[in-house]
Amino acid sequence: MLSDHTDAPPPPDNPNASDGIPKVVPALPRENQLALNLPWRTAIHWLRAGWSDLWNHPVPSLLYGFGVFIISALIVWALFLFNYEYALFPALAGFMVVGPIIANGLYEKSRLLEAGERPTYLKMALVKPESGPQAWFMGVMLLGLLMLWLRAAVLIWALFFGINPFPGTDEIVPMLFTTPTGWTLLLVGGSVGALFAAFSFSISVFAVPMLLKERTDALSALGISMATVWNNLSVMMVWGAIVLVLFAVSVATAFIGLIVIFPLLGHATWHAYRTLRPDNRQEGNSEKMFIRPA
């Protein structure tokens with residue numbers, strides 16, 4: 001038998017009056033530990049610290065830079081020898097993609113100096129990263145990104161000039177700089193190349209030193225590097241501009257400048273990593289979301 005008695009509705013301000021869904025409230029403020037709010041001048045301090053490391057036991061660093069110069073010159077020579085000179089400009093841009101992994105030995109020298117040990121060329125050449133095979137995995141990812149950029153550059157060329165034989169450097173340089181089609185190609189290709197360079201810079205600039213010093217995995221290091229760059233954008237944009245200008249100087253000197261400039265940038269990048277990722281950020285696994293090497 002139904003009762004005529006009905007319960008009075010609860011007051012509107014009663015939290016139990018809802019249908020069981022919690023009330024939406026603003027999230028509690030949390031300190032962003034990645035953002036250090038460094039002034040742009042900090043990038044100059046990194047360069048000075050790199051210069052100091054370069055000339056502290058300079059022979060291993062200069063030998064390292066000389067090796068990078070020889071390899072770069074041989075690659076350019078091979079491109080012309082086998083008629084692949086159309087890949088010269090993309091390859092120059094691609095050097096910025098794989099540069100951080102090539103500089104691993106320079107990071108090791110700076111780490112040894114920081115620990116009070118004497119660096120040697122053998123120690124720099126036979127680096128043993130704390131993350132083990134994950135460092136190799138990072139190298140494979142960067143090489144894959146380089147191959148993707150080279151393929152994109154060929155497709156951009158084909159969009160503007162069709163599937164035609166490469167006319168040679170004597171004709172292509174005037175074509176690029178004196179014709180509307182060439183200007184448009186430079187604009188589009190430069191924009192796409194800048195996106196590749198910015199992405200590769202952000203994922204590798206701190207990831208490679210991390211894999212050297214910390215026990216982590218490549219994907220976590222990649223994500224932490226990108227987050228660190230994003231949260232310190234002003235100083236990292238200045239640092240990226242310094243890297244680009246010094247690399248342009250190296251190309252303008254027929255890669256001879258790499259003998260000094262490449263070690264300088266490698267050592268300075270280590271100091272950038274140590275500034276933006278101090279020891280207290282390296283402890284624990286809260287940021288390492290994937291594989292944790294034992």
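Mentor: Buried, for this predicted model, means under 20% relative accessible area, with exposed meaning over 50% and partly exposed lying in between.

Trainee: What percentage of the residues of the protein count as buried?

Mentor: The accessible surface of the protein comes to about 17200 Å², and 69% of that surface belongs to carbon and sulfur atoms. When the cut-off of under 20% relative accessible area is applied, the share of the 294 residues that count as buried is 39%.

Trainee: How many helices and how many strands does the protein have?

Mentor: Read along the sequence, the pattern is α-α-α-α-α-α-α-α-α-α-α-α-α. Among contacts between residues at least 6 apart in sequence, 77% join residues at least 24 apart. The count of elements is 13 helices and zero strands.

Trainee: Are helices α2 and α3 roughly parallel or roughly antiparallel to each other?

Mentor: Helix α2, residues 58-81, packs with helix α3, residues 88-102, at an angle of about 150°, their axes being 12 Å apart. Angles over 145 degrees count as roughly antiparallel and those under 35 as roughly parallel, and therefore the relation of α2 to α3 is roughly antiparallel.

Trainee: Which residues make the contact of α2 with α3, and how do they divide into nonpolar, polar and charged?

Mentor: The crossing of these two helices, α2 and α3, is right-handed. From α2 the contact takes Y64, V68, S72, V76, L79 and F80, while α3 supplies L88, A91, F95 and I102. By class, the residues of this contact are nine nonpolar, one polar and no charged.

Trainee: Is α4 roughly perpendicular or oblique to α12?

Mentor: Helix α4, residues 104-114, packs with α12 at an angle of about 55°, and the two axes are 8 Å apart. Since 65 to 115 degrees is the range that counts as roughly perpendicular, the angle makes the relation of α4 to α12 oblique.

Trainee: How many nonpolar, polar and charged residues has the contact of α4 with α12?

Mentor: The crossing in which α4 passes α12 is right-handed. On the α4 side the contact is made by L106, Y107, K109, S110, R111 and E114, and on the α12 side by F262, P263, G266, H267, T269, W270 and R274. Sorted by class, these residues are five nonpolar, four polar and four charged.

Trainee: Which residues of α6 and α10 meet, and what classes does their contact have?

Mentor: The axes of helix α6, residues 133-161, and helix α10, residues 218-231, cross at roughly 60° and come within 9 Å. On the side of α6 the residues are Q134, F137, M138 and M141, and they meet A218, L219 and L222 in α10. The classes in this contact are six nonpolar, one polar and no charged.

Trainee: Does V192 count as buried or partly exposed?

Mentor: V192 is found in helix α8, and beyond residues up to four places away in sequence it touches W149 and I156. Because buried means under 20%, V192 at 23% relative accessibility counts as partly exposed.

Trainee: Is S202, in the same helix α8, buried or exposed?

Mentor: S202 is found in helix α8, residues 180-204. Leaving out residues up to four places away in sequence, S202 touches S225, M226 and V229. Its relative accessibility is 10%, so S202 counts as buried.

Trainee: Where is A254 found, and is A254 buried or partly exposed?

Mentor: Most residues other than glycine have a negative phi. A254, which is not a glycine, has a positive phi of about 60°, and it is found in the loop between α11 (233-252) and α12 (258-276). With a relative accessible area of 48%, A254 is partly exposed.

Trainee: Is F255 buried or exposed?

Mentor: F255 is found in the loop between α11 and α12, and its phi is near 70°, a positive value in a residue other than glycine. At 12% relative accessibility, F255 counts as buried.

Trainee: What distance separates the C-alpha atoms of S250 and I261?

Mentor: S250 lies in helix α11 and counts as buried at 1% relative accessibility. Apart from residues up to four places away in sequence, S250 touches F255, I256, G257, L258 and I261. S250 and I261 are eleven residues apart along the chain, and their C-alpha atoms are separated by 7.2 Å.

Note on methods
Residues numbered from 1 in each chain as written. Predicted model: local features only at pLDDT ≥ 70, side-chain atom pairs only at ≥ 80, totals over all residues. Heavy atoms only, no water. Axes fitted to C-alpha atoms, helices over the stretch in contact; angles between N-to-C directions. Helix = DSSP H or I, 4+ residues; strand = E, 2+ residues; numbered from the N terminus. Left-handed = near helix turned anticlockwise from the far one by under 90°. Contact = heavy atoms within 4.5 Å. Nonpolar A, V, L, I, M, F, W, Y, C, P; charged D, E, K, R; others polar. Buried < 20%, exposed > 50% of the residue type's maximum accessible area, 1.4 Å probe, protein only. Areas by Shrake-Rupley, 256 points an atom, 1.4 Å probe, with all protein chains shown as cover.
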